[in-house]
Amino acid sequence: MPLQTTKNIWHNGELIPWEKATIHIMSHVVHYGSSIFEGIRAYTQSGSGSAPSAGIFRLEEHMQRFRDSGHIYRMPLGYTVAELSQAVIDVVEANGVAPCYIRPVAFRGYGEAGINPLTSPVEVYIANYPWGKYVPGNDGANVCVSSWNRHAPNTMPTLAKAGGNYLNSQLIRMEAEINGYDEGIALDVHGLISEGSGENLFLVRGGVLYTTPLSSSVLNGITRSSVLTLAKDLGIPVMEQTLPREMLYIADEAFFTGTAAEVTHLRSVDRYLVGDGTMGPVTKAIHDEFFGIVHGTKPDRHNWLTPVSVKAEEPVAV
Ligand SMILES: Cc1ncc(COP(=O)(O)O)c(C=O)c1O
(Lines give C-alpha, C1' and ligand atoms only; values in the text may rest on other atoms or scores of the structure.)
Protein backbone atom coordinates (compact mmCIF):
# COMPACT_ATOMS: atom_id res chain seq x y z
CA MET A 1 0.00 0.00 0.00
CA PRO A 2 1.49 3.41 -0.91
CA LEU A 3 2.45 5.66 1.99
CA GLN A 4 -0.23 8.19 2.90
CA THR A 5 1.33 11.56 3.52
CA THR A 6 0.59 14.14 6.22
CA LYS A 7 1.26 17.89 6.34
CA ASN A 8 4.27 18.22 8.62
CA ILE A 9 7.47 16.46 9.59
CA TRP A 10 9.51 17.44 12.63
CA HIS A 11 13.15 18.17 11.76
CA ASN A 12 15.79 19.17 14.34
CA GLY A 13 13.28 21.09 16.43
CA GLU A 14 11.00 22.56 13.73
CA LEU A 15 7.94 21.45 11.82
CA ILE A 16 8.59 21.51 8.08
CA PRO A 17 6.30 20.61 5.16
CA TRP A 18 6.26 16.87 4.26
CA GLU A 19 7.68 17.52 0.77
CA LYS A 20 10.64 19.54 2.12
CA ALA A 21 11.92 16.64 4.25
CA THR A 22 14.58 15.55 1.74
CA ILE A 23 18.31 14.73 1.92
CA HIS A 24 21.34 14.92 -0.38
CA ILE A 25 22.41 11.81 -2.30
CA MET A 26 25.91 12.14 -0.77
CA SER A 27 24.60 11.91 2.79
CA HIS A 28 26.54 9.32 4.80
CA VAL A 29 23.38 7.27 5.50
CA VAL A 30 22.70 6.64 1.81
CA HIS A 31 26.04 4.88 1.37
CA TYR A 32 26.66 3.24 4.74
CA GLY A 33 23.25 2.71 6.32
CA SER A 34 24.04 4.94 9.31
CA SER A 35 20.51 5.43 10.60
CA ILE A 36 18.54 4.49 13.68
CA PHE A 37 14.79 4.69 13.97
CA GLU A 38 11.64 3.93 15.96
CA GLY A 39 8.13 2.82 15.16
CA ILE A 40 5.33 3.88 17.50
CA ARG A 41 1.55 3.69 17.27
CA ALA A 42 -1.04 6.20 18.43
CA TYR A 43 -4.48 4.68 19.00
CA THR A 44 -7.87 6.26 19.38
CA GLN A 45 -9.74 5.37 22.55
CA SER A 46 -13.50 5.22 22.70
CA GLY A 47 -14.44 7.28 25.76
CA SER A 48 -17.67 6.58 27.64
CA GLY A 49 -20.04 8.68 25.57
CA SER A 50 -17.56 11.52 25.03
CA ALA A 51 -15.56 12.34 21.89
CA PRO A 52 -12.81 9.87 21.06
CA SER A 53 -9.36 10.70 22.37
CA ALA A 54 -5.98 9.50 21.17
CA GLY A 55 -3.04 8.06 23.05
CA ILE A 56 0.53 7.27 22.02
CA PHE A 57 1.63 3.81 23.14
CA ARG A 58 4.68 3.73 25.46
CA LEU A 59 6.11 6.94 24.08
CA GLU A 60 8.91 7.40 26.62
CA GLU A 61 10.11 3.80 26.29
CA HIS A 62 10.35 4.25 22.52
CA MET A 63 12.24 7.51 22.89
CA GLN A 64 14.60 5.91 25.41
CA ARG A 65 15.30 3.08 22.94
CA PHE A 66 15.81 5.69 20.20
CA ARG A 67 18.45 7.40 22.31
CA ASP A 68 20.01 4.03 23.26
CA SER A 69 20.28 3.07 19.57
CA GLY A 70 21.99 6.42 18.90
CA HIS A 71 24.30 5.90 21.87
CA ILE A 72 25.43 2.46 20.64
CA TYR A 73 26.36 4.04 17.29
CA ARG A 74 28.00 7.09 18.92
CA MET A 75 25.28 9.20 17.32
CA PRO A 76 24.18 11.80 19.89
CA LEU A 77 20.65 12.93 19.11
CA GLY A 78 20.98 16.20 21.00
CA TYR A 79 17.52 15.88 22.59
CA THR A 80 16.42 14.38 25.89
CA VAL A 81 13.75 11.69 26.14
CA ALA A 82 11.34 14.40 27.34
CA GLU A 83 12.15 16.68 24.40
CA LEU A 84 11.81 13.88 21.86
CA SER A 85 8.52 12.79 23.44
CA GLN A 86 7.21 16.36 23.21
CA ALA A 87 8.32 16.52 19.57
CA VAL A 88 6.28 13.40 18.82
CA ILE A 89 3.23 14.93 20.51
CA ASP A 90 3.74 18.16 18.54
CA VAL A 91 3.89 16.47 15.16
CA VAL A 92 0.92 14.19 15.86
CA GLU A 93 -1.18 17.13 17.05
CA ALA A 94 -0.08 19.35 14.14
CA ASN A 95 -1.01 16.71 11.58
CA GLY A 96 -4.31 15.76 13.22
CA VAL A 97 -4.11 12.12 12.15
CA ALA A 98 -5.11 9.31 14.51
CA PRO A 99 -4.86 6.40 14.69
CA CYS A 100 -1.41 6.63 13.16
CA TYR A 101 2.08 5.22 12.98
CA ILE A 102 4.94 7.44 14.11
CA ARG A 103 8.41 7.14 12.61
CA PRO A 104 11.28 8.96 14.35
CA VAL A 105 14.52 8.53 12.39
CA ALA A 106 18.04 9.88 12.97
CA PHE A 107 20.98 9.51 10.63
CA ARG A 108 24.39 10.77 9.63
CA GLY A 109 23.81 13.41 6.98
CA TYR A 110 25.88 15.34 4.46
CA GLY A 111 29.52 15.53 5.56
CA GLU A 112 32.56 13.54 4.52
CA ALA A 113 32.43 10.63 2.12
CA GLY A 114 34.53 8.14 4.15
CA ILE A 115 33.21 5.37 6.34
CA ASN A 116 33.86 7.13 9.68
CA PRO A 117 30.50 8.77 10.45
CA LEU A 118 31.73 11.05 13.21
CA THR A 119 32.29 14.08 10.96
CA SER A 120 28.83 13.90 9.36
CA PRO A 121 26.02 15.84 11.09
CA VAL A 122 23.25 13.99 12.93
CA GLU A 123 19.81 14.81 11.56
CA VAL A 124 16.65 13.92 13.48
CA TYR A 125 13.23 13.69 11.84
CA ILE A 126 9.82 12.55 13.11
CA ALA A 127 7.02 11.72 10.68
CA ASN A 128 3.57 10.25 11.27
CA TYR A 129 0.99 8.80 8.94
CA PRO A 130 -2.02 6.49 8.87
CA TRP A 131 -1.11 2.81 8.78
CA GLY A 132 -3.17 -0.31 9.37
CA LYS A 133 -2.43 -4.00 9.84
CA TYR A 134 1.13 -5.10 9.07
CA VAL A 135 1.37 -8.91 9.04
CA PRO A 136 -1.17 -10.23 6.52
CA GLY A 137 -3.55 -13.08 7.23
CA ASN A 138 -6.83 -12.27 9.00
CA ASP A 139 -7.12 -15.88 10.14
CA GLY A 140 -3.56 -15.92 11.45
CA ALA A 141 -0.25 -15.69 9.65
CA ASN A 142 1.27 -18.55 7.67
CA VAL A 143 5.00 -18.26 8.26
CA CYS A 144 8.20 -20.14 7.49
CA VAL A 145 11.59 -20.55 9.08
CA SER A 146 13.93 -18.46 6.97
CA SER A 147 17.05 -19.77 5.31
CA TRP A 148 18.68 -16.53 6.51
CA ASN A 149 20.07 -16.37 10.05
CA ARG A 150 19.91 -13.35 12.34
CA HIS A 151 23.10 -11.41 12.99
CA ALA A 152 25.74 -13.28 14.97
CA PRO A 153 26.55 -11.77 18.36
CA ASN A 154 29.18 -9.05 18.15
CA THR A 155 28.49 -8.30 14.49
CA MET A 156 25.45 -6.00 14.20
CA PRO A 157 24.13 -5.01 17.64
CA THR A 158 20.52 -6.17 17.69
CA LEU A 159 19.55 -4.03 20.68
CA ALA A 160 20.07 -1.00 18.43
CA LYS A 161 17.13 -0.42 16.11
CA ALA A 162 19.44 0.53 13.26
CA GLY A 163 18.52 0.86 9.60
CA GLY A 164 21.36 -1.46 8.56
CA ASN A 165 19.90 -4.36 10.59
CA TYR A 166 16.92 -4.31 8.28
CA LEU A 167 18.93 -5.50 5.27
CA ASN A 168 18.82 -8.87 7.02
CA SER A 169 15.09 -8.37 7.71
CA GLN A 170 14.48 -7.55 4.05
CA LEU A 171 16.10 -10.82 2.94
CA ILE A 172 13.91 -12.75 5.40
CA ARG A 173 10.70 -10.99 4.42
CA MET A 174 11.33 -11.16 0.64
CA GLU A 175 12.16 -14.87 0.78
CA ALA A 176 9.02 -15.56 2.82
CA GLU A 177 6.71 -13.66 0.48
CA ILE A 178 8.27 -15.05 -2.71
CA ASN A 179 7.67 -18.55 -1.32
CA GLY A 180 4.03 -17.77 -0.51
CA TYR A 181 4.31 -17.13 3.24
CA ASP A 182 3.22 -14.04 5.16
CA GLU A 183 6.44 -13.69 7.16
CA GLY A 184 9.69 -15.45 8.03
CA ILE A 185 11.19 -16.44 11.37
CA ALA A 186 14.97 -16.28 11.59
CA LEU A 187 17.15 -18.61 13.61
CA ASP A 188 20.22 -17.23 15.33
CA VAL A 189 23.77 -18.21 14.50
CA HIS A 190 23.46 -21.25 16.82
CA GLY A 191 20.38 -22.53 14.97
CA LEU A 192 18.06 -21.51 17.83
CA ILE A 193 14.91 -19.45 17.32
CA SER A 194 15.46 -15.69 17.16
CA GLU A 195 12.51 -13.61 15.89
CA GLY A 196 10.53 -12.51 12.84
CA SER A 197 11.89 -9.97 10.34
CA GLY A 198 10.19 -7.20 12.31
CA GLU A 199 8.51 -8.94 15.25
CA ASN A 200 9.31 -10.77 18.48
CA LEU A 201 7.97 -14.28 18.83
CA PHE A 202 6.02 -16.05 21.58
CA LEU A 203 5.06 -19.74 21.81
CA VAL A 204 2.65 -21.50 24.16
CA ARG A 205 3.07 -25.11 25.20
CA GLY A 206 1.20 -26.76 28.08
CA GLY A 207 -0.12 -23.41 29.32
CA VAL A 208 3.38 -21.90 29.62
CA LEU A 209 4.29 -18.83 27.56
CA TYR A 210 7.78 -18.99 26.03
CA THR A 211 9.82 -16.26 24.39
CA THR A 212 13.44 -16.02 23.34
CA PRO A 213 15.87 -13.96 25.46
CA LEU A 214 17.72 -10.82 24.35
CA SER A 215 20.83 -12.99 23.81
CA SER A 216 19.05 -14.75 20.90
CA SER A 217 19.80 -11.75 18.62
CA VAL A 218 16.39 -10.13 19.07
CA LEU A 219 15.31 -6.52 19.35
CA ASN A 220 14.23 -5.66 22.88
CA GLY A 221 10.66 -5.14 21.73
CA ILE A 222 8.40 -2.77 23.60
CA THR A 223 5.34 -4.84 22.71
CA ARG A 224 7.29 -7.89 23.93
CA SER A 225 7.87 -6.25 27.29
CA SER A 226 4.19 -5.19 27.41
CA VAL A 227 3.10 -8.78 26.75
CA LEU A 228 5.42 -10.06 29.49
CA THR A 229 3.76 -7.58 31.87
CA LEU A 230 0.26 -8.59 30.74
CA ALA A 231 1.11 -12.29 31.15
CA LYS A 232 2.19 -11.57 34.72
CA ASP A 233 -1.05 -9.64 35.34
CA LEU A 234 -3.07 -12.56 33.96
CA GLY A 235 -1.17 -15.16 36.00
CA ILE A 236 0.25 -16.90 32.89
CA PRO A 237 3.59 -18.62 33.63
CA VAL A 238 6.41 -17.26 31.43
CA MET A 239 9.74 -18.82 30.45
CA GLU A 240 12.24 -16.54 28.76
CA GLN A 241 14.73 -19.02 27.33
CA THR A 242 16.50 -20.16 24.17
CA LEU A 243 14.24 -22.32 22.03
CA PRO A 244 15.05 -24.99 19.44
CA ARG A 245 13.41 -24.75 16.03
CA GLU A 246 11.20 -27.79 16.59
CA MET A 247 9.38 -26.01 19.44
CA LEU A 248 7.66 -24.14 16.62
CA TYR A 249 6.22 -27.40 15.29
CA ILE A 250 4.94 -28.75 18.61
CA ALA A 251 3.67 -25.46 20.07
CA ASP A 252 -0.01 -25.29 21.02
CA GLU A 253 -0.06 -21.59 20.10
CA ALA A 254 2.31 -19.02 18.63
CA PHE A 255 2.15 -15.30 18.04
CA PHE A 256 4.22 -12.34 16.88
CA THR A 257 4.42 -9.08 18.77
CA GLY A 258 5.55 -5.69 17.55
CA THR A 259 4.42 -2.13 17.07
CA ALA A 260 3.56 -2.94 13.48
CA ALA A 261 2.35 -6.53 14.03
CA GLU A 262 0.68 -5.76 17.41
CA VAL A 263 -0.38 -9.26 18.58
CA THR A 264 -0.74 -11.50 15.50
CA HIS A 265 -1.35 -15.21 15.95
CA LEU A 266 0.44 -17.73 13.76
CA ARG A 267 -1.76 -20.17 11.88
CA SER A 268 1.08 -22.32 10.57
CA VAL A 269 4.84 -22.60 10.55
CA ASP A 270 6.50 -24.37 7.60
CA ARG A 271 3.00 -25.73 6.78
CA TYR A 272 2.71 -27.37 10.21
CA LEU A 273 -0.59 -26.14 11.66
CA VAL A 274 -0.06 -24.44 15.04
CA GLY A 275 -2.61 -26.13 17.34
CA ASP A 276 -5.79 -26.21 15.26
CA GLY A 277 -4.72 -23.06 13.42
CA THR A 278 -7.07 -20.73 15.27
CA MET A 279 -6.12 -18.24 17.96
CA GLY A 280 -5.61 -20.26 21.14
CA PRO A 281 -6.81 -19.28 24.63
CA VAL A 282 -3.54 -17.87 25.98
CA THR A 283 -2.95 -15.79 22.85
CA LYS A 284 -6.56 -14.61 22.98
CA ALA A 285 -6.29 -13.56 26.61
CA ILE A 286 -3.18 -11.49 25.85
CA HIS A 287 -4.58 -10.19 22.55
CA ASP A 288 -7.80 -9.03 24.20
CA GLU A 289 -5.97 -7.42 27.11
CA PHE A 290 -3.57 -5.59 24.78
CA PHE A 291 -6.28 -4.29 22.44
CA GLY A 292 -8.58 -3.52 25.38
CA ILE A 293 -5.94 -1.22 26.85
CA VAL A 294 -4.88 0.50 23.63
CA HIS A 295 -8.47 1.01 22.45
CA GLY A 296 -9.61 2.27 25.85
CA THR A 297 -12.15 -0.46 26.64
CA LYS A 298 -9.97 -1.60 29.57
CA PRO A 299 -8.22 0.68 32.06
CA ASP A 300 -4.71 1.81 31.16
CA ARG A 301 -3.42 0.50 34.50
CA HIS A 302 0.25 0.72 33.55
CA ASN A 303 -0.01 4.27 32.13
CA TRP A 304 1.09 3.14 28.70
CA LEU A 305 -0.82 5.80 26.76
CA THR A 306 0.30 9.41 26.46
CA PRO A 307 -2.74 11.54 25.60
CA VAL A 308 -2.66 13.71 22.47
CA SER A 309 -5.40 15.98 21.25
CA VAL A 310 -6.27 14.83 17.77
CA LYS A 311 -9.78 15.47 16.60
CA ALA A 312 -10.02 12.87 13.85
CA GLU A 313 -11.25 9.39 14.74
CA GLU A 314 -10.52 7.92 11.35
CA PRO A 315 -7.27 8.46 9.42
CA VAL A 316 -7.46 11.60 7.31
CA ALA A 317 -4.63 11.81 4.84
CA VAL A 318 -3.86 15.31 3.58
C1 LIG B 1 13.46 -6.90 14.31
C2 LIG B 1 12.34 -6.50 15.20
N3 LIG B 1 12.05 -7.26 16.26
C4 LIG B 1 11.05 -6.94 17.10
C5 LIG B 1 10.27 -5.83 16.89
C6 LIG B 1 9.17 -5.47 17.85
O7 LIG B 1 9.54 -4.37 18.62
P8 LIG B 1 8.46 -3.36 19.19
O9 LIG B 1 7.47 -4.16 19.93
O10 LIG B 1 9.23 -2.44 20.06
O11 LIG B 1 7.86 -2.66 18.02
C12 LIG B 1 10.54 -5.00 15.78
C13 LIG B 1 9.74 -3.80 15.54
O14 LIG B 1 10.09 -2.73 15.92
C15 LIG B 1 11.60 -5.35 14.93
O16 LIG B 1 11.88 -4.59 13.87
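Good morning; I shall begin with how the model is to be read. This is a predicted model, in which local features need pLDDT of at least 70 and side-chain atom pairs count only at pLDDT 80 or more, while totals for chains, interfaces and linings use all residues. Residues are numbered from 1 along each chain as its sequence is written.

Let me turn to the chain as a whole. It holds seven helices and 17 strands; helices (H or I, at least four residues) and strands (E, at least two) are DSSP runs, numbered from the N terminus. The radius of gyration of the protein chain is 20 Å, close to the 20 Å given by the globule rule for 318 residues, so the chain is as compact as a globular protein of that length. That radius is taken over C-alpha atoms, and the globule rule is 2.2 Å times the number of residues to the power 0.38. Along the principal axes, the C-alpha atoms fill a box of roughly 55 × 50 × 30 Å. Of the 318 residues, 44% are buried. Here a residue is buried if 20 or more other C-beta atoms lie within 10 Å of its own, exposed if 12 or fewer, and partly exposed in between, with C-beta atoms placed from the backbone.

Next, the domains. Domain 1 covers 8-132 and domain 2 covers 141-294, with bounds from an automatic or database domain assignment. Their contact takes 17 residues from domain 1 and twelve residues from domain 2, where two residues are in contact if their C-beta atoms, placed from the backbone, lie within 7 Å. On the side of domain 1 that touches domain 2, β3 (35-37), β4 (40-45) and α2 (59-72) each supply at least two residues. The largest share, five residues, comes from α2. By class, that side of domain 1 has seven nonpolar, five polar and five charged residues. Ala, Val, Leu, Ile, Met, Phe, Trp, Tyr, Cys and Pro count as nonpolar, Asp, Glu, Lys and Arg as charged, and the others, Gly among them, as polar.

Among the buried residues of α2 are Leu-59, His-62, Met-63, Arg-65 and Phe-66. After α2 comes Arg-74, with a positive phi near 50°.

Asp-182 is found between α4 (165-178) and β9 (183-187), and Asp-182 is buried because 21 other C-beta atoms lie within 10 Å. Asp-182 and Leu-266 are 84 residues apart in sequence and 9.8 Å apart in space, C-alpha to C-alpha. Thr-80 is found in the loop between α2 and α3 (81-95). Thr-80 has 11 C-beta neighbours inside 10 Å and therefore counts as exposed.
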